[in-house]
Amino acid sequence: MRVRIRGRDQRSEKGERPPEASGEAGVDTEINPTVPAADEPAEAVEVTPPEVVAVDEQVTEKVVVDETSEPPPSPPPPSGRFPAKEPLGLVSEDGVVETGDYVLRPIPRILAVANQKGGVGKTTTAVNLGAALAELGYRVLVVDLDPQGNATTGLGIDARSFELSMYDVLMRDVSLEDAVEPTSMKNLFVAPATIDLAGAEIELVPSFSREMKLRRALEAVSGDFDFILIDCPPSLGLITVNGLAAADEVLVPIQCEYYALEGLGQLLRNVHLVQANLNDGLEVSTIVLTMYDARTKLAEQVADEVRTHFGNKVCKNVIPRTVRISEAPSFGQPITVFDPTSRGAIAYRELAKEVSGGAA
């Protein structure tokens with residue numbers, strides 16, 4: 001039985017031939033002129049079955065009701081981040097994508113770039129994402145909590161050109177504003193680190209409220225910046241805990257290889273511990289796939305696995321594995337300055353738009 005809605009055969013939407021083309025009898029408008037008048041014998045009227053007429057009337061009444069009701073809300077996109085000026089999606093702890101009202105995060109935003117696995121691109125992401133956000137006009141502070149100080153040198157800051165570092169902020173209660181150094185890029189600043197931070201792990205043990213030192217230091221400057229990116233060391237010690245306790249969100253870079261997935265579970269467990277005991281507002285809001293090599297099947301499988309478990313938390317834009325990104329730190333420049341037209345620079349610019357809510 002065929003159902004007509006507003007004079008159009010429902011099967012035509014599925015690509016089937018309309019009844020007038022196939023010679024079938026139906027309820028289309030071209031057949032209506034052949035219907036006998038009311039004074040002709042009832043036996044001649046057999047073109048439209050009574051049950052079809054009833055269905056047509058029922059469908060017509062339903063359509064009228066639908067027109068008077070409010071249109072249903074449009075469903076969210078199936079995967080990836082949402083388009084420009086659209087709110088970002090949220091995912092529950094069990095990995096189920098939540099639909100409904102999505103809230104765009106207000107600035108200032110404090111993000112801890114953390115992953116206990118080393119070599120996944122934490123410092124590279126903190127430096128280049130910060131530079132790309134600065135290009136968009138945001139005031140960005142990169143807080144270097146890694147004793148290696150790679151974010152400091154990657155932004156062109158020589159260890160001999162400053163007196164105060166994050167060690168002094170954490171251990172000597174120096175104001176963070178006094179330790180902030182400007183970079184060669186407009187709107188981009190860095191709180192530098194030195195090798196002294198390696199000893200802070202032990203020195204913090206007997207300190208009072210040792211996990212909240214960085215949080216108190218950031219409270220004085222959070223209003224001066226739109227984004228604060230905390231580059232955490234590749235460990236789960238007290239320095240990383242300080243970074244997680246001070247942040248509102250966690251940005252997790254994941255290398256597209258198997259070992260990177262193994263350490264992710266432990267990191268999430270530690271994030272939940274910090275949530276329960278130190279910072280109940282902390283959440284894993286952003287996951288960035290780094291060192292993506294499209295030539296390998298493994299990279300594609302890891303990316304699919306991460307997207308399956310974390311849904312819209314995984315950024316749509318991935319960071320490719322390129323030599324130019326690896327060369328940029330040796331010149332003390334982010335990739336957006338070192339080679340503005342390279343694939344890596346374009347990828348981090350698109351990532352900055354996505355993280356800030358302005359993805360195209």
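At what angle do the axes of helix H3 and helix H14 cross, and within what distance do they come? Before I answer, please keep in mind that what we have on the screen is a predicted model.

Two packed helices are described by the angle between their axes and the distance between the axes. Here the axes of H3, residues 122-135, and H14, residues 343-356, come within 8 Å and cross at roughly 75°. Since angles of 65 to 115 degrees count as roughly perpendicular, H3 and H14 are therefore roughly perpendicular to each other. On the H3 side, the residues in contact are Thr124, Thr125, Asn128, Leu129, Ala132, Leu133 and Glu135, and they meet Tyr348, Arg349, Leu351, Ala352 and Ser356 of H14. Sorted by class, this contact has 6 nonpolar, 4 polar and 2 charged residues.

The largest nonpolar core has 51 residues, and the members that touch the most others are Leu141, Val143, Met166, Leu176, Leu218 and Ile230. Helix H10, residues 258-277, gives this core its largest share, which is 6 residues. If we follow Ile230 and leave aside residues up to four places away in sequence, we find that Ile230 touches Ile110, Leu111, Ala112, Val113, Val143, Leu145, Leu214, Leu218, Gly243, Ala246 and Ala247.

Finally, the cysteines. Cys232 counts as buried because its relative accessibility is 0%, and Cys315, with a relative accessible area of 1%, is buried as well. The count of disulfides comes to 0.

Technical notes. Residues numbered from 1 in each chain as written. Predicted model: local features only at pLDDT ≥ 70, side-chain atom pairs only at ≥ 80, totals over all residues. Heavy atoms only, no water. Axes fitted to C-alpha atoms, helices over the stretch in contact; angles between N-to-C directions. Helix = DSSP H or I, 4+ residues; strand = E, 2+ residues; numbered from the N terminus. Parallel < 35°, antiparallel > 145°, perpendicular 65-115°, else oblique. Contact = heavy atoms within 4.5 Å. Nonpolar A, V, L, I, M, F, W, Y, C, P; charged D, E, K, R; others polar. Core = buried A, V, L, I, M, F, W, Y, C linked by side-chain atoms within 4.5 Å. Buried < 20%, exposed > 50% of the residue type's maximum accessible area, 1.4 Å probe, protein only. Disulfide = S-S within 2.5 Å.
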